[in-house]
Amino acid sequence: MIPDLPSARLHVVTGKGGTGKTTVAAALALALAADGRSVLLVETEGRQGIAQLFDTPPLPYEERRVAVARGGGEVKALAIDVEEALLDYLDMFYNLRRAGRALRKMGAIDFATAIAPGLRDVLITGKIKEAVTRRRNGREVYDAVVVDAPPTGRITRFLGVTGEMSQLARSGPIKTQSDGVMAVLRSPQTAVHLVTILEDMPVQETADAIAELEKAGLPIGSVVVNMATEPVLPADALSRAAAGELSGADLSPALTAAGLPGGAALADALAAEVVEHARRWAAQDALRDQVAALGRPTVELPQLPGPMDLGCLFELADRLEDPLRTEVGRADRGVSIAARDERGAERPAGASGGPA
């Protein structure tokens, strides 16, 4: 179960490539948007994976609604464009948007991000912080922000590079902006969730990432075990098969009684499949123990048949909703009951809770 995270509003989702972190981020956004809440789903790597999942045209550098969640909540998505983020930065702190456009035409922005790769991450995390802290009429625009972040191999660098920038700049807007970003990323507002599958390398990368995040002082949320399979046999039969105690001869009487053709050859082939399944399950169960030993709250999502589509995302979101319920409505720990009631009065009929 995902724990009670009373003030988590920024959910950073990372994982080794191939573990389905983009899918988990999208499902988490849908789960957090239930019951009338507003959630922003942010893409950081320019792959347009979110657009593909929600079956929409490629996302521009603009917050667009991609789904309506249960209870009238909405999910908006944003694919961060580094050039546009830099223009925002120049405009916000130096009133230089026009000059920034001139720099873009000259190719100076591409040059700058090429020679200083960390600048890209600084701009992206700055935009994420702006979305988390943005307010309108005294209230947060988004109840939660979910980030489809870079893989575990570089997640600590991605989240921590702005802190390095803060150490280089002793004063001025860059220092102020950098300190503000790190204040959000290191606060209880943030939870970094790690997605894995039950294979050796992803589980080890998850363990390594947790150690790095803890060392960097970044708040860790939950481990999401994605694409988990269920056993197709009872426990005792799985144990026998995994121990090599099942053969074709054991299956032949049942196949004969069922009138199935194939004889001994079919029985031997089926027995081999059963043994392979049982041993794979035993290996995955051992990896579950390794995941549990990480000491983080864990939630499992099932392996769904067929290609991933919007229906599958909603099914995964349903699996996430129950563990998330303790988070819903508790983001603003210091907000008064009166202000909370006022916010709730503006929700659609049937909606409940406050920010997630």
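**Helix H10 against helix H12**

I started with helix H10 (residues 235-242) and helix H12 (residues 263-293), which pack at about 100° with their axes 8 Å apart. Helices here are DSSP runs of H or I with at least four residues, strands are runs of E with at least two, and both are numbered from the N terminus. The axes are lines fitted to C-alpha atoms, for helices over the stretch in contact, and angles run from 0 to 180 degrees between N-to-C directions. So H10 is roughly perpendicular to H12 (that label covers 65 to 115 degrees).

Next I looked up who touches whom, with contact meaning heavy atoms within 4.5 Å. From H10 come Leu238, Ala241 and Ala242, and they meet Val274, Val275, His277, Ala278, Arg279 and Trp281 in H12. By class that gives 7 nonpolar, 1 polar and 1 charged residues; nonpolar means Ala, Val, Leu, Ile, Met, Phe, Trp, Tyr, Cys and Pro, charged means Asp, Glu, Lys and Arg, and the others, Gly among them, are polar.

**A note on the model**

This is a predicted model, where local features need pLDDT of at least 70 and side-chain atom pairs count only at pLDDT 80 or more, while totals for chains, interfaces and linings use all residues. Residues are numbered from 1 along each chain as its sequence is written, and side-chain values use heavy atoms, with hydrogens and water left out.

**The sheet**

I traced an open sheet of 8 strands with mixed pairing, in the order S3-S4-S2-S7-S1-S8-S9-S10. Two strands pair if DSSP finds at least two bridges between them. S3 (64-68) and S10 (298-302) are the edge strands with a single partner each, so one side of each has no neighbour in the sheet. Inside the sheet, S1 (residues 10-15) and S8 (residues 190-196) run parallel and are joined by 6 bridges. Thr14 stands opposite Leu194 in S8.

**Salt bridges**

I searched the whole structure and got 17 salt bridges, each a side-chain nitrogen of Lys or Arg within 4 Å of a carboxyl oxygen of Asp or Glu. Lys21 pairs with Glu45 at 3.0 Å, N to O, and with Asp148 at 2.8 Å. Asp148 is in strand S7 (residues 144-148) and Lys21 in helix H1, so this pair ties together parts 127 residues apart in sequence. Both Asp148 and Lys21 are buried, whereas Glu45 is partly exposed at 24% relative accessible area. Buried means under 20%, exposed over 50%, and partly exposed in between (1.4 Å probe, protein chains only).

Conventions: Angles under 35 degrees count as roughly parallel, over 145 as roughly antiparallel, 65 to 115 as roughly perpendicular and the rest as oblique.
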